[in-house]
Amino acid sequence: MLLPRIGVQPQASSFFERLTAREQIRTFASLCGVLYGVPAKNADDMLGTVGLTDQAGVRAEKLSGGQAQRLSIACALVHDPELLFLDEPTGAVDPQARRNLWDLLREISNSGRTVVLTTHHMDEAESLCDRVAIMDHGKILRAGPPAAVTLTSRSGYRSSPG
Amino acid sequence: MLFLVFFGSIYKNSSASKISPVEVGQVQLLSQARRAGPPLAKVLAVSHARSVAAALDAVRKGNSDAAVLQRGAHVIVRYSIADQTKAGPVNSVLASVAQAANQAASGQPPRFTLSASQVEDKSLKPIQYFTPGLLGWALASGATFGAAITLVSWRQNKLLRRLRLAPIGTGSIVAARIGIALAIGLIQLAVFLAIARLPYFGLQLTAAWWMTIPLVVCGILAFMSIGLLVGAIAKTQQAATAIANLIILPMAFLGGAFLPQDFAPDWVRQASYVMPLRYQVTGMQDVMARGEGPAAALPAIGILPGFTLVVGVVAVRTFRWDDI
């Protein structure tokens, strides 16, 4: 089974209604634990990892865009996956929150996990990624280290360093 | 719940229906009947009017059920057919008053006596009938709407997709939802019974009432399967609400939750055999109010899971994780 080894963050707003940040993580953790015996992580530790310690008691729908993204990532991490898929983690997030997310993503990457993320921002790809692939209509047009890909992309786009 | 309190208060005294004729001058018959005591004296609430015109006016306005006046040995009764449910009893009660007087005048003891009583316990009040009906309806709509709307909203906010991609078994999600629905349903049952058993409403539970618990469980599963099917078909929450209403409301009216089946035309009774609510409500009425044994609930306990299985399979077939 692959599912225990991967974590997926589909969209920031995909939470159970009327649960607080801490309860969201506990719910996901216990739902995972029921079937796979994954040791339920301490919800507060998880919140600390994504920098939401102060928002533990806040309902998910009241979190700001960036906070919701971080909670969403935390929910994807509850079962300690090796591979993490993130769908536009920095979409619809203000610049400061975006920087915080970058730090978080680097931490996750440094903890030995592989992170696959999609983004519209070339600077983000360049700053965060070891490998970049440009996709159009489901086909990979270019793939490789960020410098090579962004330099030679067909649009001629050259981002300024992040 | 509101309906229970509402109907319970309205129909509280419906068994005591009195006839209130208005008497013009002195009517010997009526005073005799009052002196004779029950049962006739019990249903008569006689008032007086000075003139015939005033009495007729009171009847026309509906303040009195009939005007009674006496001309010698001839007693005249004028009634209104505006209130047809009263017109019948008025005529028959006053006729029996006259007959009783004739019989007394003959000086002979009555040759035949008639004693009529209802087959149910004397304490059988309307609350006995509509507590199971309203409870069945409340459980049905709770389970159906809960399942349908949760499914649609989870699909809409992509929570379903997230659950699918997390290492979470579909079984544990479904089991969790069913567990919650059953817990809520049993609490509903407890609160309903507690309120209906207040002295004010006066529900009397009969011996096998505990069979309502398995009935409630079977009913909730059946209605959850309907809800899942609705949630699988509907794309938006509004659509889910509309479809669930279309299913539940006709079922509540035709399946005997609001209106007793005895008054329903034949085709309604035929149609009710495909409605799960019918089995649940009649099962609950049998064991809660009619005093039948635990076995009376067994047909429903057999049919409802079958229904659940069929609808559940269709729901699983139409189920979608995503809107696309």
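This section describes aromatic pairs, charge–ring contacts and strand pairing in a predicted model. Residues are numbered from 1 along each chain as its sequence is written, with chains lettered from A and ligands numbered from 1 in the order in which they are written. Local features need pLDDT of at least 70 and side-chain atom pairs count only at pLDDT 80 or more, whereas totals for chains, interfaces and linings use all residues; side-chain values use heavy atoms, with hydrogens and water left out.

A pair of aromatic rings is described by the distance of the centres and the angle of the planes. Rings of Phe, Tyr and Trp (its six-membered ring) were paired if their centres lie within 6.5 Å; planes under 30 degrees apart count as stacked, over 60 as edge-to-face and the rest as tilted. By this rule, six aromatic pairs were counted over all chains. One of them joins A:Phe16 and A:Phe28 in a tilted arrangement, with 5.5 Å centre to centre and 45° between the planes. This pair links distant parts of the chain: A:Phe16 is in the loop between strand E1 (6–9) and helix H1 (21–36) of chain A, and A:Phe28, twelve residues apart from it, is in helix H1 of chain A. Helices (H or I, at least four residues) and strands (E, at least two) are DSSP runs, numbered from the N terminus. A:Phe16 is buried at a relative accessible area of 9%, and A:Phe28 is buried at 1%. Buried denotes under 20% relative accessible area, exposed over 50% and partly exposed in between (1.4 Å probe, protein chains only).

In chain B, B:Trp137 and B:Phe258 form an edge-to-face pair, at 5.1 Å centre to centre and 65° between the planes. B:Trp137 belongs to helix H6 (residues 126–156), while B:Phe258, 121 residues apart, is in the loop between helix H10 (237–254) and helix H11 (266–272). B:Trp137 is buried, with 17% relative accessibility. Ring pairs also link A:Phe16, A:Phe28 and B:Trp154 into a cluster.

B:Arg278 lies over the face of B:Tyr273, 4.1 Å from the ring centre, and over that of B:Tyr279 at 5.5 Å. The criterion requires NZ of Lys or CZ of Arg within 6 Å of the ring centre and within 35 degrees of the ring normal.

Strand E1 (residues 21–24) of chain B is covered on both faces, with B:Pro21 and B:Glu23 buried on one side and B:Val22 and B:Val24 buried on the other. Strands pair if DSSP finds at least two bridges between them. Three bridges join E1(B) in parallel to strand E3 (residues 66–71), where B:Val22 stands opposite B:Ala67. Three bridges also join E1(B) in parallel to strand E2 (residues 47–49), with B:Val24 opposite B:Ala49.
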